[in-house]
Amino acid sequence: MEARATRISLGVWTGLVVLFLWVPLILICVYAFNPSNIQSWPIGGFSTKWFHAAWHNEEARSALILSLKAGVIATAIAVVLGTAAAAAVSRFRFFGRDAVTFLLVLPIALPGVVTGIALNSFFNNNPVHGLPPSLWTIVIGHATFCIVVVYNNVVARLRRTQTSLTEASMDLGADGWQTFRFVTFPVISTALVAGALLAFALSFDEVIVTTFTAGAQNTLPIWILGNLRLGQQLPQVNVVVFFVIVMTVLPVTIAQRLSRDTGILRRR
Amino acid sequence: MAGRSRSARRRLSAALWRRPWLRGVALLLPPLAWMLIFYLAALAVLFVSAFWSIDSFTGKLTHVWTWTNFDTIIHDPTYRQIAFRTIWMAAAVTLTDALIAFPFAYYMARVATPRLRTILFVIVLLPLWSSYLARIYAWRLILNHDGALNWTLGKLGLPQQGWAFTNTAIWIVFSYIWLPFMILPVYAALERIPDSFIEASRDLGGRNWTTFRRVILPLALPGLAAGSIFTFSLTLGDYITPSLVGNVDFIGNVIYRNVLGLTNNLPFAAAYATIPLIVMAVYLILAKRLGAFEAL
């Protein structure tokens, strides 16, 4: 293998990168306990008083509710559409199959501002009908780029399972629904949940596209962004940011564990 | 009653089983329709509106074909400069992330024990998904005059930095937030190189450097290309980072102002948005040649 010196320097580099990745995240969590209004380092003590203030902040709370609603609905849409697309692409060969994959990836491969302005001009200036900003315009935007997250997870799982399982089920007299319920679903269930959790985390945190589809509504990230821009309510922003980190880290950790698990088909 | 509906269901499923194309269409139609209606149609409307203009008196959209917007973009030095600045930053961030990510991914894939590898994987994955705004904000606090970095430099007896709200800050923050997007594909590419390839190279007399240059690097290239799609595209399309940690305009800021800001000129914003779109199209074609799509 690699020479000792190479391995040691690689190890040191790895350690530095880990610090680079994590020190800012830990620091921002520490700031949530800063008693002072001034955001300097080191923080002037330890206090949880801003947690109380943030919890009773009406604006932040309604932004949180909007974010949760949009996240849940967008995730539900993404799960249905992403799973259907994954099943079609992995089980059937048809003309333009690669194009379908490409189309699904496009919303995350293209710069966010392009997706944002495209949806904005579509909702506002569409020659057929205009859609005023609402929960639904946010949901449409989020679902569009969440589909690929579910799709990727499910397609990877389906690729690893053989079609003979569903054939056997049909041979044994199960109809399509029973086959889905008792064979296909248990196989893809963990991938499905993992995809859904990641889609939710993505939606809950999205801001670049959302600013273009939300109009005057505040999702939680838009509320944070507004306050950061104006330098207002920073102590409460610290607390909300701490909360958002926890809210995204949790589903991702669970999703990571779930995608290692292969549902009812344990790895031999 | 229950028996009848059951047999109907059975007939339906038998019919679907006998006609696989029907099942395929039924599965594919909803997601495809969604993407076509909400995404491709939106992109199409965007493209068309780039050729419209705004009546300077009424501020209303004029639906007449014109090249004015593209003319302004090409001939106005300000817009040209902003476009070049953005593309230049995207390239710098991509290069920086590739340089930081490669040794890390190499250690993860080829030196670390399986257990450590899993831990490192989670260590990279969590920042990727954790709050984007929080990470930008963290750097704002770090780079501030009375922030953690100057405090640390002071303790070490080093001179203070004044990077807050400069291009250096934008470069650091972009490199930071997109780093995991580079690490993961490079790691996946390196992990797939069989040990036997490296042994074979050594047996054939390849020194470490030769093995690296002629075996490892070419095989890691699709991973680097895949990662660079993200770092490049995300930088091109981000207007929030420059506005929070810097004080110059990027392509996204111009678009944002023209859509949601005071200068309400959607056609011009649409025309300007074609720049990142074209740059990414060219980039995706190049990346595909390098095999990036298999490594995504």
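## A tour from loop to interface

Start by selecting Gln233(A), which sits in the loop between helix 10 (220-230) and helix 11 (234-260) of chain A. Helices here are DSSP runs of H or I with at least four residues, strands are runs of E with at least two, and both are numbered from the N terminus. Before you go on, note that this is a predicted model, where local features need pLDDT of at least 70, side-chain atom pairs count only at pLDDT 80 or more, and totals for chains, interfaces and linings use all residues. Residues are numbered from 1 along each chain as its sequence is written, while chains are lettered from A and ligands numbered from 1 in the order in which they are written.

Stay on Gln233(A) and check its backbone: phi is positive, about 50 degrees, although the residue is not a glycine. Gln233(A) counts as buried because it has 22 C-beta neighbours inside 10 Å. With C-beta atoms placed from the backbone, buried means 20 or more other C-beta atoms within 10 Å of the residue's own, exposed means 12 or fewer, and partly exposed is in between.

Next, select Phe165(B), in the loop between helix 7 (148-155) and helix 8 (167-191) of chain B. Phe165(B) also has a positive phi, about 60 degrees, and is not a glycine. Its 16 C-beta neighbours inside 10 Å make Phe165(B) partly exposed.

Back in chain A, pick Trp41(A) and Pro42(A): the peptide bond from the one to the other is cis, with omega near -5 degrees. Pro42(A) belongs to the loop between helix 1 and helix 2 (49-55) of chain A.

Now move to Arg4(A), in helix 1 (residues 4-31) of chain A. Arg4(A) counts as exposed, with 8 C-beta neighbours inside 10 Å.

Zoom out to chain B, with its 14 helices and two strands. Its C-alpha trace spans about 80 × 65 × 40 Å along the principal axes. Of the 296 residues in chain B, 43% are buried.

Finish where the chains meet. The contact takes 73 residues from chain B and 67 residues from chain A, two residues being in contact if their C-beta atoms, placed from the backbone, lie within 7 Å. Select helix 2 (residues 20-49) of chain B: with 17 residues, this helix gives the largest share of the side of chain B that touches chain A.
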